[in-house]
Amino acid sequence: GGDGIGIAAYSSLTQRTVQSAWSFLGGFLAGMGAPVLPGSVSDASLWERAVHAGGVPLFLEGSSPSECRLFHGWVEVKDEYDAWLAANQVQAPSLQRLASDPEVLELLDKLHALSGHPKLAPGR
């Protein structure tokens, strides 16, 4: 408090997303005693209340999971998103490095053998 540093988190109103954000913040802020204060993105006073309490606001989008566009807006344009994702995965330098790393490929082969998941199949 008072040092000008502010942390805020945003989440859709999907249970696993809220839990992930809360869990991350709990670990990130461990030992600081900073509470996580959830509230709506439309609540203009949440930031002020969180700063006053020495905590971190966790802004939640929408009043139901179906209204969440922050992280799930791509669902409305699925075909466009799929094309964008495929193009970016092919171009991503980090994924290109991982795809040629023998240790990563060995791990993926083991995961495929254990899970049978088709997206982990060799050569995929």
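This note covers the core, the aromatic pairs and the salt bridges of a predicted model.

1. **Nonpolar core.** The largest nonpolar core has 10 residues. Its members are Ala9, Val18, Ala21, Leu25, Leu29, Ala34, Val36, Val56, Leu58 and Leu60. Two elements each give two or more residues to this core: helix H1 (15-28) and strand S3 (56-61).

2. **Val36.** Val36 is one of the core residues. Setting aside neighbours within four places in sequence, Val36 contacts Trp22, Leu25, Val56 and Leu58.

3. **Tyr10 and Phe59.** The count of aromatic pairs is three. One of them joins Tyr10 and Phe59, with ring centres 5.0 Å apart and planes at 20°. Planes under 30 degrees apart count as stacked, so this pair is stacked. The pair links distant parts of the chain: Tyr10 sits in strand S1 (residues 9-12) and Phe59 in strand S3, 49 residues apart. Tyr10 is partly exposed, at 45%.

4. **Tyr81 and Trp84.** Tyr81 and Trp84 also form an aromatic pair, with 5.7 Å between centres and 35° between planes. This pair is tilted. Both residues lie in helix H3 (residues 78-91), three residues apart, or about one turn of the helix. Tyr81 is partly exposed, with 25% relative accessibility.

5. **Salt bridges: Arg49 and Asp43.** The whole structure has three salt bridges. In one, the side chains of Arg49 and Asp43 meet at 3.0 Å, N to O. Arg49 is partly exposed, with a relative accessible area of 40%. Asp43 is partly exposed too, at 23%.

6. Asp82 pairs with Lys78, and their closest N and O atoms are 3.0 Å apart. Both residues belong to helix H3, four residues apart, about one turn of the helix. Asp82 is partly exposed at 33% relative accessibility. Lys78 is partly exposed at 40%.

7. Glu106 forms a salt bridge with Lys110, with 3.7 Å between the closest N and O atoms. The two residues lie in helix H5 (residues 102-115), four residues apart, about one turn of the helix. Glu106 is partly exposed, with a relative accessible area of 46%.

Notes
Residues numbered from 1 in each chain as written. Predicted model: local features only at pLDDT ≥ 70, side-chain atom pairs only at ≥ 80, totals over all residues. Heavy atoms only, no water. Core = buried A, V, L, I, M, F, W, Y, C linked by side-chain atoms within 4.5 Å. Buried < 20%, exposed > 50% of the residue type's maximum accessible area, 1.4 Å probe, protein only. Contact = heavy atoms within 4.5 Å. Phe/Tyr/Trp six-rings, centres within 6.5 Å; stacked < 30°, edge-to-face > 60°. Salt bridge = Lys/Arg side-chain N within 4 Å of Asp/Glu carboxyl O.
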